[in-house]
Amino acid sequence: MSLRGRIIGTGSYVPKNILTNFDIGKMVDTSDEWITERTGIKERRIAGEGEAASDLSLQASKRALSEAGIKPNEIDMIIVATMSGDMPMPSTAAILQGKLGAKNAAAFDINGACSGFLYGLSVADSFIKSGMSKKLLLVGVDVNSRFINWQDRSTCVLFGDGAGAVVMKPTRTKRGILSTHLHSDGDLWDLICLPGGGSRHPASSESIKNNLHCIKMKGNETFKAAVRTLEKLALNTLKANNIKPSQLAMLIPHQANLRIIKAMAKRLGLPMSKVVVNLDRYGNTSGASIPIALDEAVREGRVRSGDYILFEAFGSGLTWASALVRW
Ligand code: ACO
């Protein structure tokens, strides 16, 4: 058996503050009915004042490490997938390394937006396959609420905050990460972007006045691109592993829109009972959505040893990614 990465512990954390559709209805011209029908979202979590990406990551990581029975100083690498880290530098992974006391770990961030966790899973698996890492912590975290224009009804209803983490180690069994598939199309970068605060539009009173530090999205074009792309991605991932959709125990998709998820399930011929959905409670938590959904599925006892699980995500970049895992 060839060497591959295997997830041996999961953890997640969401902030306590709940913002419901009814709460948002008091802020902008929208309704619970519109948001529920168009997205499936009912409420989302909002990080408290002073609560940043590394704080959410710390809670999720502690839970994943405890589940894996691994101490922080045993971890040799920390990867954090985020587009809303504590600050542009240092990396959130480095801050997390300090907070955890993971003295023996290298640490770096990956920015793959909503596909970030699966990009991270692919990088993690590659480090493990090459022998560079023996015990690795991968976190997906986003504090999207800090980058929302709360007057823009087309984006403010969609996003939430949270963190999910997995601990990985090498295996030579049939279990683990069977394959990962990464894609991008930078010609479509402006479908979803946060233009301010970088070297193109550095922070200035003008950039703040123009809301350049908030997420902008061409929702409908993104929606169509997501549905088109994800079906092909899922089928190619299964084909690469010689697996039929009917052999899947579970689909864990990125949690952006229930209509996108249902379209995927339908095209794969999967009943919704095999699809993990939690966007009704958390909205789109970007890089955190897949590891939170995985952790909840594990803790609810929905995942069994030997199960084939398909992960897929789509987001800013554009980027899209998938992974087939044997649990
Ligand atoms: N409440 C009421 N009406 C609204 C709201 C709202 N919150 N938001 C938009 N509308 C209106 C629009 O103004 C528009 O009105 P008009 O017809 O008078 O112009 C109408 O509703 C329809 O707008 P659309 O944008 O066409 O609505 P759509 O059905 O596409 O739903 C949504 C919008 C939910 C954003 C959907 O397009 C979507 O989910 N897109 C994909 C999101 C995604 O997958 N993102 C990828 C990950 S994100 C990342 O990487 C950071």
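Predicted model: local features only at pLDDT ≥ 70, side-chain atom pairs only at ≥ 80, totals over all residues.
Close-up 1. Look for Ala113 in the loop between strand 5 (106-110) and helix 5 (116-129); helices (H or I, at least four residues) and strands (E, at least two) are DSSP runs numbered from the N terminus.

**Close-up 2. Ser286, positive phi in a loop.** Although not a glycine, Ser286 has a positive phi of about 50°. The loop that holds Ser286 runs between helix 10 (279-282) and helix 11 (289-299). Ser286 counts as buried, with 1% relative accessibility.

**Close-up 3. Two cis peptide bonds.** The bond from Met89 to Pro90 is cis, with omega near 0°, and Pro90 sits in the loop between strand 4 (77-81) and helix 4 (92-100). Gly317 and Leu318 are also joined by a cis peptide bond, with omega about -15°. Leu318 belongs to the loop between strand 12 (308-315) and strand 13 (319-326).

**Close-up 4. Ser61 and its contacts.** Ser61 is part of helix 3 (residues 53-68) and is buried, with a relative accessible area of 0%. Leaving aside residues up to four places away in sequence, Ser61 touches Leu96, Leu100, Leu137, Val139 and Ala165 (contact means heavy atoms within 4.5 Å).

Close-up 5. Domain 1 (4-173) and domain 2 (178-326) both give residues to the shell, so the ligand lies between them; the domain bounds come from an automatic or database assignment. Of the 28 residues around the ligand, Thr30, Cys114, Asn220, Asn257 and Ser316 come nearest (a residue is near if one of its heavy atoms lies within 4 Å). Helix 8 (219-240) gives the most to this shell, with four residues.

Close-up 6. A polar backbone atom of Arg153 is 2.9 Å from a ligand nitrogen. On the side-chain side, an N or O atom of Arg259 is 3.1 Å from a ligand oxygen. A backbone N or O atom of Ser316 lies 2.8 Å from an oxygen of the ligand. Taken alone, the ligand exposes 1,000 Å², and the protein buries 75% of that (areas from the Shrake-Rupley method, 1.4 Å probe).

**Notes.** Residues are numbered from 1 along each chain as its sequence is written, and side-chain values use heavy atoms, without hydrogens or water. Local features need pLDDT of at least 70 and side-chain atom pairs count only at pLDDT 80 or more, while totals for chains, interfaces and linings use all residues.

Key
Buried < 20%, exposed > 50% of the residue type's maximum accessible area, 1.4 Å probe, protein only. Polar contact = N/O pair within 3.5 Å; in protein donor to acceptor, adjacent residues only side chain to side chain.
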